[in-house]
Every structure is written in structure tokens, then in C-alpha cells.
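Welcome, and thanks for taking a look at this one. Please have the sequence and the 3D view open side by side as you read.

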Amino acid sequence: MTSSTQVAVIGGGPGGYAAAFLAADLGMRVTLVDEAPNPGGVCLYRGCMPSKALLHVAKVVTEAREARHWGVDFGEPALDVDRLRSWKDESVARLTGGLGQLSSQRGVTYLQGRAELTGPTSARVSSADGGVATLGFEHAILATGSRPAAPGPLALDSDRVWDSTRALEIPSVPESLLVVGGGYIGLELGSVYAALGSKVTVVEMTAGLLPGADRDLVAVVARRLGRACEAVLLETTVTALVEDGDGVSVTLKGRDGESAQRFDRVLVAVGRVPNSDVPGLDLTAVGRDSRGFVVVDGQRRTAEPTIFAVGDLVGEPMLAHKASHEARIAVEAIAGHKAVFEPAAIPAVVFTDPEVAWCGLTETQARAEGRAVEVAKFPWGASGRAVTLDRPAGVTKLVIEPESERILGVGIAGTGAGELIAEGVVAIEMGATASDLRLCIHPHPTLSETLMESAEVFFGRSTHVYRPRKR
Ligand code: FAD
Ligand code: NAD
């Protein structure tokens, strides 16, 4: 089969489908290519969505146990792993099926198969049944995403060593689980398995969990994780993995030298690498950097004028909402609109319990860059909502430019932080000052008041904490 299109989108994740849908909405003829039966990519099939479904269950299980403290005893939660797995799969199918419908409603041609470039304006798509389609295009948007990294000793090909995709399938609930990597995936999936009953040990190479996030935010989640996990070992790496009976024998290297331990299963979560080995890329001028990310300009155009690239393929942060935003910029550029990717605040949310979220400038970054900032913090112990939810452990902080009083960064650790951070994004993107935030009436009693009250802390007049202004 030979066909031609205006915009060919390769990869059906949040970058790819957002691009395809907007291009169609702007009146372009669009073909979207992915191997899955429906759009969705990593995010829907083996990333954001299945992990959030499992994290929801983990939270319910934990709260059911904690309810005893409030005078309600549901008994010990009984786990039906098969039902849990199928509920998660049903949620994913519902979402990806919905995207399939949205795709056909918009008149997007969906080709199920694997694409390879055959030049700057053409591609070949091979389907699983052996069919091959040739596709000519005016523009292509590459959105092929990323895959789990398993460097050096972590690359043991064994059904006992899982990556995130395997862990999300819940092959079993192992008695003991080693999580290698204390980043997003390690902490999210580690929390899931801990709530389901595994004894979880987390090893993290650096001196703290979630490198990149401010330490005061991480401290909030680290305390609770410390209780949920068997152990959290910092400045520790894995130097060897060897199959051992039905488990894995692991050599850990930490501050005090090497030690050996046996775990039933190991989850490797040490980062992801871009899928930039798209066949035929060398037939174009598309360039890659030393880490394999495709190099793009502010409009997400590669060195090949007809080809754009978005999402995990083009660099950090590897987040779905960053991919979708870039996708919309690329499509607008193709449509000839004035558009550029220059966000002041990309939110990051770690969906542990409690959640950790931040956007804009972090305090750590400000200090590293020698920028003069003031930090205003509101402790959740002073929030009526947090206390009545029995979740007083939390903090909301603003990173403020002292002279202009502009809000440059927002960080939140506490239950529901992922929802709350959106207000911080709006404040930063709108150039809001601490006064703007202070003067906005927030509903009572809600956790959102902690944003308003941290702005009040900046002026030394928060109603619920006594912290006179120093300067
Ligand atoms: P992807 O979603 O990776 O999609 C790329 C698609 O392209 C895939 O379907 C792939 O099969 C396809 N493809 C690759 N090569 C070809 C080819 N040659 N031809 C055709 N198709 C091809 N981000 C968040 O923002 N929030 C979260 O809560 C979150 N949770 C996550 C949890 C996990 C466990 C993981 C692994 C990731 C999570 N992420 C989360 C990250 C998020 O999934 C990615 O940032 C996002 O999916 C990137 O979107 P993308 O469009 O760039 O690529
Ligand atoms: P990550 O970069 O978030 O964390 C990897 C962690 O592993 C880091 O803390 C790193 O220091 C550590 N590490 C690296 N090598 C190690 C080693 N040999 N031994 C011990 N520790 C080691 O990566 P991830 O958790 O694999 O997630 C990949 C990406 O997927 C994330 O960066 C994020 O962009 C995305 N993601 C996002 C979400 C979300 O938005 N909630 C959830 C999951 C994944």
C-alpha cells in the first residue's frame, strides 16, 4: 500500500497522539503510526496510567490499615491479585480505546505497525502480519519515546529481574523485593509492592532519594517510606546480580564496602534511554546528542527541515505533559503559527504517598546558581484540612525573588500535592507575586490554603503560623 499525508506522526504516546489530534483539528491530513492497537504509548500502556491505578489501590490499602487509629477497623485487607491486575488492565483498555475513538472521530489515519524512515519525506510501516505500507509526507513528527535503562551489572536477562513494564504486570507479589534506584519509578512502584505486602529494600546511588527535588520536600516522603520499606540504602549501588534458586543473589556496594543479600525479585529503575535508534534516521540530517537524545530547536524542529521531534526522545524531563506540550508547539510551527517551547514551569509530581511536587525554580537550583531568593514555607501541621485528614506531615514552599516579590518556584510535599501544584504553575507562568497569591481568597478548609498562607509567611503575617518577618 502506498499513501501520502501532510503530517506523519511516528509513535502514539502523549507526544504523538497530542500532535496528531491537534494537526487534524487544524485541518491537516494526518497519519499516526504505532505498534499498539490504539494510541497511548508508554504512558497509557506501561507507564503513568497503570502505575497510578496501582498507587490508588496502595493508598486505599494503607488507609484501610490506618483507619484503626480513627476508630474504624476494616480488618486486614485481603488481596486478590488477579482481580487487581484485571481492574488495572480494564482502566488502561478504557483509556486507550477512548483515544482510538478520538483518533477516528478526527479523521486521523491510524497505521498499526513499526515505522522506518526511508528519507526526509518518506517512511515504510511494517505491520505484525507482514504487511508493508509506504508513506510519503510533507512533515513528520518523531515521538518514539524511551525505554528502561539497564546498564552494566543490572542487565541480567532473568524473569526474576524486572523493569517497570514487568513490575506493572504484577507477575507476583514477592516476599522480598529489591528496588534499584530511588527515583520516580523506584519510589512509586516500591510503594505499591510495599503496600501489597512485599518487604521492599530500596538502594539509591546518590546521597538522597529523588535527586533533583529539594531535600525538605523529600524528607516528608522519606519518613513515611522509611516506615513502609524494609530498608532504604543511600550511596549504594549493585555490583552483581546472579540467579539463586527462585531468587536473585545481589552484591551491594555501599559506604561500608560490599555485602551480599538475597531477594526474591529485583526491580531495576535507574532511568530511561531515548528510542532514537529509529531505522533510517541516518538517511536524514536528524542529529543526536551524546546521550542519544534527538537535537531540536525551540520549535522542536530537527536539523532536517521536514522532521520535528518531541517527548522523551528529545530530552529531560521525561514527562507526559512535557511531551504533549512540545507536540502542540511542533504542530503549530508546521501550521506556520508563531510558537516556541519556553515554559517557565514544568510541574514534576512523584505520586508516592504522600506526593511530592514542584515547579519552576527549586531552592537547590537557586542556591547552586547563586541566585538571591527568599523561601517562604508553610508547615501542614498548621493546616486544618491536613490535620483533619490525619495528614499533618507536609510542607508548601514558595521560592521568591526578593525585590520583585515574584514567585519563581513552588514545592509541595503532602497528600494531594500533585493536584495542588497546578496553582503554582499558573502563578509562575502568569508572573504572579507573593501579594497576588496572598490576596486570592482560597476555599476553607482546603490544602490549597497552604499556598496562600505560604505567601502570607513571606510577609510575616500568616494567620496560622507565628513567624514574624525577619527583614
Ligand atoms: P512514549 O509514551 O514512550 O510513546 C512512544 C511510542 O512510540 C510507543 O508506543 C512506542 O512503541 C512507539 N514507537 C517507538 N518506535 C517506533 C517506531 N519505529 N514506529 C512506530 N512506533 C514506535 N510521566 C508523567 O508525566 N506522569 C506520570 O505519572 C508518569 N508515570 C510513569 C510511570 C512509569 C512506570 C513510566 C515508565 C513512565 C512514566 N511517566 C510519567 C513518563 C511518561 O510515560 C513519558 O514521559 C511519556 O510516555 C513520553 O511520551 P512520548 O510520547 O514521548 O513517548
Ligand atoms: P529516575 O531518573 O527518576 O531515577 C533513577 C534513580 O536511580 C536516580 O535516583 C539515580 O540516582 C538512581 N540510580 C542510577 N543508577 C543507579 C545504580 N546503579 N544503583 C542505584 N541507583 C541508581 O528514573 P526512573 O525512576 O527510572 O524513571 C525514569 C523517568 O520516567 C523519570 O525520570 C521520569 O521522567 C519518568 N517517570 C515519571 C513519573 C511521574 O511523573 N510521576 C513516574 C515514573 C517515571
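Which residue forms a salt bridge with Glu-188? The partner is Lys-52, and the closest N and O atoms of the two residues are 2.8 Å apart. Please keep in mind that this is a predicted model. The protein is divided into three parts: domain 1 (2-148 + 273-334), domain 2 (152-270) and domain 3 (348-458).

**Where domain 1 meets domain 2**

- Between the C-alpha centres of domain 1 and domain 2 there are 27 Å.
- On the domain 1 side 19 residues take part in the contact, and on the domain 2 side 16 residues do.
- About 1,400 Å² is buried between domain 1 and domain 2, and carbon and sulfur atoms give 67% of that area.
- Three residues deserve a look here: Arg-46, Leu-54 and Leu-55 supply 29% of the area that domain 1 buries against domain 2, more than any other three residues.
- Two salt bridges are counted between domain 1 and domain 2.

**The parallel sheet and its helix**

- Five strands form an open sheet in the order 8-15-9-10-11, and their pairing is parallel.
- Strand 8 (161-162) and strand 11 (231-233) are the edge strands; each has a single partner strand, so one side of each has no neighbour in the sheet.
- Two bridges hold the parallel pairing of strand 8 with strand 15 (residues 265-268), and Trp-162 stands opposite Leu-267 of strand 15.
- Helix 6 (residues 184-196) packs on this sheet, where it touches strand 8, strand 9 (176-180), strand 10 (199-203) and strand 15.
- The direction of helix 6 makes an angle of about 165° with that of strand 10.

**Salt bridges through the chain**

- The structure holds 29 salt bridges.
- One of them joins the side chains of Glu-76 and Arg-65, at 2.9 Å from N to O.
- This pair links distant parts of the chain, 11 residues apart: Arg-65 belongs to helix 3 (48-66), while Glu-76 sits in the loop between helix 3 and helix 4 (81-105).
- Arg-262 and Asp-264 form a salt bridge at 3.5 Å, N to O, and Arg-262 counts as partly exposed at 41% relative accessibility.
- Elsewhere, salt bridges that share partners join Asp-214, Asp-216, Glu-363, Arg-367, Lys-377 and Lys-397 into one network.

Conventions:
Residues numbered from 1 in each chain as written. Chains lettered and ligands numbered in written order. Predicted model: local features only at pLDDT ≥ 70, side-chain atom pairs only at ≥ 80, totals over all residues. Heavy atoms only, no water. Pairing = 2+ DSSP bridges. Helix = DSSP H or I, 4+ residues; strand = E, 2+ residues; numbered from the N terminus. Contact = heavy atoms within 4.5 Å. Axes fitted to C-alpha atoms, helices over the stretch in contact; angles between N-to-C directions. Salt bridge = Lys/Arg side-chain N within 4 Å of Asp/Glu carboxyl O. Buried < 20%, exposed > 50% of the residue type's maximum accessible area, 1.4 Å probe, protein only. Domains from an automatic or database assignment. Buried area = accessible area lost by both parts, 1.4 Å probe.
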